[in-house]
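Take a look at the sequence and the structure shown below. The paragraphs that follow go through some of their details one at a time.

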Amino acid sequence: MLNQPTLVDQFGRTVDYIRLSITDRCDFRCVYCMSEEMTFLPRDEVLSLEECARLVKVFVNLGVSKVRITGGEPLVRKNALWLFDEVGKLDGLKELVLTTNGSQLEKQAIALKKAGVKRINISIDSLNAERFKKITRTGDLNKVLAGLQASKDVGFEGIKINTVLMRGSNDDEAADLVQFAIDQKIDISFIEEMPLGEVDHTRESTFVSNADTLKLLQSKYSLLPSTESTGGPARYWRVANSDGTSDTKIGFISPHSHNFCESCNRVRITCKGELYLCLGQEDKIDLMPLLREYPSDDAPLIAAILGSMRIKPKGHDFDLRRAQPAVIRFMSHTGG
Ligand code: SAM
Ligand code: SF4
């Protein structure tokens, strides 16, 4: 059955990908993502897992074929696996994917694979345990590496490392992390630090541009530009093996240096049920009141989601030199 109507915005872009943050909480406190002291939302202000499942189903019926579950740390939410099972069963969904810090993967990789998760992004910013602890404030690198190994063992279709490089912290590790990805036969993406939420440093002081990282990597590896695109801000390169083949893809997610907005195919839903039409703008609608006022009628929800397509902005507007963050909300709230 064809899902109708579909989500098309005023610029003709089709939205077929949602990223859903299922919690603002996390067992880590990465320095670029959170401040040391975080106040998390009271539980009743966060979507229940049943509400998350209902929302995803509505979006899939509107033509969404790819769902990324993220957070906060999605796998620390109690019963998160129930949601993965429910979403994995939806007709019309082609790709269920996950972004995680990896801390729970050793225990949950098998169940996630069974639920239908196809690909996993695991955040690893350093291969030095002490430094990893410093960046995440609470994280244990060995646990994350065990989670990575467990994910490789169950055989997801794709595993990718996400890395945020910060000047003076881990910016000397780009090549080591790429070599690690090559050795592990997995992919890696470098994400430029974004001014989302107020953290304990100025963003300008730590910013590392992907253009510089690419230049450095090109001096060490033979990289082939790739035309692959996921409709997002990532540009890909492939590491050429000596026999001309390639196993590892390197992505550069550069919201500052590339204008990727014209091909944007995604929207984000926060753990509070706010539908954000753009990561870098404030345009949003609140879906939670509709979920709670009409527990068994999806019509108002569908009308609101279709209507939101009229306010999806043309593009974002990040500026590192601003005194205030461009967007007050944290990435852990909106979902990366
Ligand atoms: N906790 C999970 C994790 O760390 O992968 C999922 C949520 S996290 C918000 C998703 C991604 O956003 C991570 O790869 C993280 O490194 C990235 N991230 C968080 N804050 C960021 C920021 N201010 N700028 C750029 N990337 C950020
Ligand atoms: Fe937690 Fe992910 Fe944010 Fe790190 S980046 S604090 S792991 S939500």
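Which residues surround ligand 2? The model is a predicted one, and in it ligand 2 is surrounded by Cys26, Phe28, Arg29, Cys30, Cys33, Met34, Gly72 and Asn101. Sorted by class, this shell consists of five nonpolar residues, two polar residues and one charged residue.

Next comes ligand 1. Around ligand 1 there are 19 residues, and Tyr32, Gly72, Glu73, Ser123 and Met194 come nearest. The shell around ligand 1 is made up of six nonpolar, nine polar and four charged residues. Some of the contacts can be described atom by atom. A nitrogen atom of ligand 1 lies 3.0 Å from a polar backbone atom of Gly72. An oxygen atom of ligand 1 is found 2.6 Å from an N or O atom in the side chain of Ser123. For Asn162, an N or O atom of the side chain is 3.4 Å from an oxygen atom of ligand 1. On its own, ligand 1 has 540 Å² of accessible area, and the protein covers 96% of it.

Now turn to the aromatic rings. A pair of such rings is described by the distance of the centres and the angle of the planes. How many aromatic pairs does the structure hold? There are two. One is formed by Phe28 and Phe132: the ring centres are 6.0 Å apart and the planes stand at 90°, so this pair is edge-to-face. An angle over 60 degrees is what counts as edge-to-face. Phe28 belongs to the loop between β1 (17-21) and α1 (49-61), while Phe132 belongs to helix α4 (residues 129-136), so the pair ties together parts that lie 104 residues apart in sequence. Are these two residues buried or exposed? Both Phe28 and Phe132 are buried.

A residue counts as buried when its relative accessible area is under 20%. Phe190, with a relative accessible area of 1%, is therefore buried. Phe252 has a value of 4%, so Phe252 is buried too.

Which ring does the charged end of Lys66 sit over? The ring is that of Tyr17, and the distance to its centre is 4.4 Å. In another such arrangement, Lys249 lies over the face of Tyr236, 4.4 Å from the ring centre.

The backbone has its own details. Most residues other than glycine have a negative phi. Arg137 is not a glycine, yet its phi is positive, at about 65°. This residue is placed in the loop between α4 and α5 (141-154). Lys185 has a positive phi as well, near 55°. Lys185 is in the loop between α6 (174-184) and β6, and its relative accessible area is 60%, so Lys185 is exposed.

Finally, consider some residues in terms of their place and accessibility. Val87, in helix α2 (residues 80-88), has a relative accessible area of 1% and is therefore buried. Its C-alpha atom is 9.5 Å from that of Val117, which is 30 residues apart from Val87 along the chain. Val8 is in the segment before β1, and at 40% relative accessibility Val8 counts as partly exposed. Val8 and Met288 are 280 residues apart in sequence, and their C-alpha atoms are 22 Å apart in space. Glu262 lies in the loop between β9 and β10 (266-269). With a relative accessible area of 57%, Glu262 is exposed. Between the C-alpha atoms of Glu262 and Lys160 the separation is 25 Å, and along the chain these residues are 102 residues apart.

Technical notes
Residues numbered from 1 in each chain as written. Chains lettered and ligands numbered in written order. Predicted model: local features only at pLDDT ≥ 70, side-chain atom pairs only at ≥ 80, totals over all residues. Heavy atoms only, no water. Near = heavy atom within 4 Å. Polar contact = N/O pair within 3.5 Å; in protein donor to acceptor, adjacent residues only side chain to side chain. Areas by Shrake-Rupley, 256 points an atom, 1.4 Å probe, with all protein chains shown as cover. Nonpolar A, V, L, I, M, F, W, Y, C, P; charged D, E, K, R; others polar. Phe/Tyr/Trp six-rings, centres within 6.5 Å; stacked < 30°, edge-to-face > 60°. Helix = DSSP H or I, 4+ residues; strand = E, 2+ residues; numbered from the N terminus. Buried < 20%, exposed > 50% of the residue type's maximum accessible area, 1.4 Å probe, protein only. Lys NZ or Arg CZ within 6 Å of the ring centre and 35° of its normal.
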